[in-house]
Amino acid sequence: MWGKKFHRADMGRAYEPMVLGVTACCPGCGATHFAIALGNYYSGFYQKRTAVLEWNQSGDLERMQRSLGIKGEKDFFVYRGIYFYKGVLPETFLQIQDQGYECMVLDFGRDRKQNYREWSRCQRLVSMVSLTAWERSSFLELLNNEEERLLRTTTYLYVFGEAKARGLSLPRGLSLHRLPFFVSPFLLEGESFAFFNRSFAL
């Protein structure tokens, strides 16, 4: 499934789509917000043909489509040049992959456990976490059960809480970063845009 190469006439050579997986360790950590922002970054700044895939059953993209009054097909819609796919399943991913996207952001939400095989095979892994006193236990539980390989290759991002909180002990070398707050995933500027350039530049 992953690692499949495609040919495009305008590129003149074989290319492999970039596949990024985003998940969340607790409700409200911002996986969908970040996944859309990441798709916007690659589509807008790099002009990559980009798709954001809702690989969970949250229904967030359906609500987003209705709220913005966007017309589209049954399973997907296009907004600001980004293709949004709703309720993706493993079998439909193969069809989407054949559409010639250069970048695909897979939003697993909190359904990482059910889709562990697919998430762990993404080229870039991002886990949205919370370090607040009432939610950090979910993050610590995630770390305790994580494979060593994934601890080394996953980027952990948080918006709320403090990484140097008293009593919080984290594995050495963990890629943990504070994600600057941004109101709209379609408007990256200032500190938030600089963060994406530092952390997710091609």
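Eight strands form an open sheet in the order β5-β6-β4-β7-β3-β8-β9-β10, and their pairing is mixed. At its edges are β5 (76–79) and β10 (176–178), each of which pairs on one side only. From one strand to the next, the twist averages 25°. Please keep in mind as you look around that this is a predicted model.

Let us step into the sheet. Strand β4 (residues 50–54) and strand β6 (residues 82–85) run parallel and are joined by three bridges. Lying across β4, β6 and β7 (103–109) is helix α3 (residues 90–97), which runs at about 160° to β7.

Now for the charged side chains. Side chains of opposite charge can pair when their charged atoms come close. How many salt bridges does a search of the whole structure find? The search finds seven. Here are three of these pairs, with the distance between N and O atoms.

| Salt bridge | N to O distance |
|---|---|
| Asp 60 and Arg 63 | 2.5 Å |
| Arg 112 and Glu 146 | 2.9 Å |
| Arg 178 and Glu 191 | 2.9 Å |

Asp 60 and Arg 63 both belong to helix α2 (residues 60–68), where they sit three residues apart, about one turn of the helix. Asp 60 counts as partly exposed because its relative accessible area is 29%, and Arg 63 is partly exposed at 42%.

Are Arg 112 and Glu 146 buried or exposed? Arg 112 is buried, since its relative accessible area is 13%, and Glu 146 is buried too, at 9%. The salt bridge between Arg 112 and Glu 146 links distant parts of the chain: Arg 112 is in the loop between β7 and α4 (116–120), while Glu 146 is in the loop between α5 (136–145) and α6 (148–153), 34 residues apart.

The salt bridge of Arg 178 with Glu 191 also links distant parts of the chain, with Arg 178 in strand β10 and Glu 191 in helix α7, 13 residues apart. Arg 178 is partly exposed, with a relative accessible area of 42%, and Glu 191 is partly exposed at 49%. Elsewhere, salt bridges that share partners bring Glu 62, Arg 66 and Lys 86 into one network.

Finally, look at the surface. Phe 160, Phe 181 and Val 183 make a nonpolar patch of about 390 Å². Val 183 is found in the loop between β10 and α7 (190–200). Val 183 counts as exposed because its relative accessibility is 71%, and the cut-off for exposed is over 50%.

Conventions:
Residues are numbered from 1 along each chain as its sequence is written. This is a predicted model: local features need pLDDT of at least 70, side-chain atom pairs count only at pLDDT 80 or more; totals for chains, interfaces and linings use all residues. Side-chain values use heavy atoms; hydrogens and water are left out. Two strands pair if DSSP finds at least two bridges between them. Helices (H or I, at least four residues) and strands (E, at least two) are DSSP runs, numbered from the N terminus. Axes are lines fitted to C-alpha atoms, for helices over the stretch in contact, and angles run from 0 to 180 degrees between N-to-C directions. Contact means heavy atoms within 4.5 Å. Patches are made of residues with over 30% relative accessible area and no salt bridge: like charges are joined within 9 Å, nonpolar side chains (Val, Leu, Ile, Met, Phe, Trp, Tyr) within 5 Å. Accessible areas come from the Shrake-Rupley method with a 1.4 Å probe; for residues, only the protein chains shown count as cover. A salt bridge is a side-chain nitrogen of Lys or Arg within 4 Å of a carboxyl oxygen of Asp or Glu. Buried means under 20% relative accessible area, exposed over 50%, partly exposed in between (1.4 Å probe, protein chains only).
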